[in-house]
Amino acid sequence: METASETKLLGTAPIGRLVMKYAVPSVISLLVNALYNIVDQIFIGQGVGYLGNAATNVIFPLTVIVIAFSLLVGDGAAAYLSLKLGEGRKDQAQRGVGNAVTLLVIFGAAFLLLGIFFLEPLAHLFGATENSLPYALGYGRIIILGFPFVVIGTGLNSCIRAEGSPKVAMISMIAGAVVNTILDPVFIFACGWGVEGAALATILGQVLTFLISALYLRKPKVLQVSRRDMKLSFRTAKTVMGYGVSSFITQIAITVSILVSNNMIVQYGAASVYGPDIPLAAFGIVMKVYQILLAFMIGFGIGAQPIVGFNYGARNFLRVKKAYLLAVLCATAVAAVGFVMFQFFPQGIINLFGSEDALYNEFAQKSFRIFLMLCILAGFQTVTGIFFQSIGKPVKAAVVTLSRQILVLVPATLILPIFIGLDGVLWAGPVADAISFLIALVLA
């Protein structure tokens, strides 16, 4: 068996090498996941226009909710797996992964049904305007068909990384993204299918990711998950999802903040020179690009997770601290690069999503520069939330995660526009980044 050799490395190998071993595939996997939406936006912007991009911004929160439940189970099972292997309890680790597989199947089916029956009211809830609604429904009706594959594929990816095969997780995500990237221009431009073509390309990529991840479970590196392990145990399922609550809250909080931001942008944009559709489309691009930066920051946090979880379970606290601090350093360095790009080169980013009029470019530039003004602080806060999740402290993890997206950002988004109009939605970003950084610093 390879169990001993795999777990021994987590407790003995150099921290820097271990963090990179797990972080690089994690970053690439998350980056590829973020690029699904980015690639769609780029080709839709070029082939359909900003109303098409506004439509994907409307459907995006629904996709984030789906991923939230996937990570609730997947990241929770990954943390549970690492802790139990660190404690030398392989049978419990296998039971946790088996329960996770069953939960992922249940959630995937539930979200498919939810999308089929409630897509239009959800589109209205997430800020669809009269002009963008037809595009949103066309895009969404196809995207929901991929929800079961997204839930299961993303959740299994987390387990595969923690099980000691981050490269397999990375390959499954890259393969899906490559398919999406190749098929997007074919379906949008050659076939003339517009937003529906982009959605179809997306779900075909998601199906491939799911197939690679599912096939890996037949011959995993360390664990042998049986049908008995897949029989739901309330205690095991509760513990697994408890460990994944930070990742879940991160995604749900993003959904709530997008919901509030979209509706405030439409409301105050209608009273501005920009109108409702330009701010909705432009702000959506800012949020999607920010997801790329978050992919790096979360990836370093998740990359440190198996090392932190195993050594915390083995009570080797010095290695826990080293792994945590290295992940914080790497995430902050990436955030600094993002800060420079958003402040000094926003138009270059905007041009990727299509050439629009002067008002559109003006608001998009302003959105990047103001909303992401203090993104350099986000690396510390993001990694700290994952750190608390990795050592089995979901309450602290939830507090750190909630602090930015819910406790500060949402109230600021609701209050600031009362005084400064549409720009208030943008200024809510740096206010939330500053306060959530201080909360994470105190808890850490």
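Predicted model: local features only at pLDDT ≥ 70, side-chain atom pairs only at ≥ 80, totals over all residues.
Is Cys 159 buried or exposed? Cys 159 is buried, with a relative accessible area of 5%, where buried means under 20% relative accessible area, exposed over 50% and partly exposed in between, using a 1.4 Å probe on protein chains only.

Residues are numbered from 1 along each chain as its sequence is written, and side-chain values use heavy atoms, with hydrogens and water left out.

- Helices (H or I, at least four residues) and strands (E, at least two) are DSSP runs, numbered from the N terminus.
- Helix α11 covers residues 277-313, and its 37 residues should span 54 Å at 1.5 Å a residue; the expected span is 1.5 Å times one less than the number of residues.
- The end C-alpha atoms of α11 are 51 Å apart, which agrees with that expectation.
- At Gln 305, α11 bends by about 35°, and Pro 306 follows within four residues; the bend is the angle between axes fitted to the seven residues ending at a residue and the seven starting there.
- Because 33 of its 37 residues are buried, α11 is largely enclosed by the rest of the structure.
- Arg 315 sits in the loop between α11 and α12, and its phi is near 65°, a positive value in a residue other than glycine.
- Arg 315 is exposed, with a relative accessible area of 62%.

**Cavities**

- Rolling a probe the size of a water molecule over the atoms shows where empty space is left.
- Here the search runs on a 1 Å grid over the protein atoms alone: a cavity is a set of points where a 1.4 Å probe fits but cannot get out, a pocket is an open set with protein on both sides within 12 Å along at least five of seven lines, and lining residues have an atom within 4 Å of a point.
- Grid points are joined across faces, edges and corners, and a volume is the space filled by probe spheres set on the points.
- Six cavities of 30 Å³ or more turn up in the whole structure.
- The largest cavity has a volume of about 740 Å³; of its 46 lining residues, Leu 30, Ile 67, Leu 71, Gln 251 and Gln 291 lie nearest its centre.
- The lining of the largest cavity divides into 22 nonpolar, 21 polar and three charged residues, with Ala, Val, Leu, Ile, Met, Phe, Trp, Tyr, Cys and Pro counted as nonpolar, Asp, Glu, Lys and Arg as charged, and the others, Gly among them, as polar.
- The second largest cavity holds about 100 Å³ of space, and its lining includes Gln 305 and Pro 306.
- Two or more residues of the lining of the second largest cavity come from each of α2, α3 (50-86), α6 (147-162) and α11.
- α11 provides the largest share of that lining, with four residues.
- By class, the second largest cavity is lined by five nonpolar, five polar and two charged residues.

**Pockets**

- The largest pocket has a volume of about 280 Å³.
- Of the 15 residues lining the largest pocket, Val 289, Ile 292, Met 341, Phe 342 and Ile 349 lie nearest its centre.
- α2 (15-47), α11 and α12 (317-344) each supply at least two residues of the lining of the largest pocket, and α12 gives the most, with five.
- That lining has 14 nonpolar residues, one polar and no charged.
- The second largest pocket, of about 240 Å³, is lined by 14 residues, with Val 320, Lys 321, Phe 387, Ile 391 and Ala 444 nearest its centre.
- α12 gives the most to the lining of the second largest pocket, with five residues.
- The lining of the second largest pocket has 11 nonpolar, no polar and three charged residues.

**Cysteines and a contact across the sequence**

- The disulfide count comes to zero, with a disulfide taken as a pair of cysteine sulfur atoms within 2.5 Å.
- The sulfur of Cys 330 is 17 Å from the closest cysteine sulfur, in Cys 375, too far for a bond.
- Cys 330 counts as buried, at 16% relative accessibility.
- Asn 361, in helix α14 (residues 358-371), counts as buried at 18% relative accessibility.
- Asn 361 and Ala 282 are 79 residues apart in sequence and 8.1 Å apart in space, C-alpha to C-alpha.
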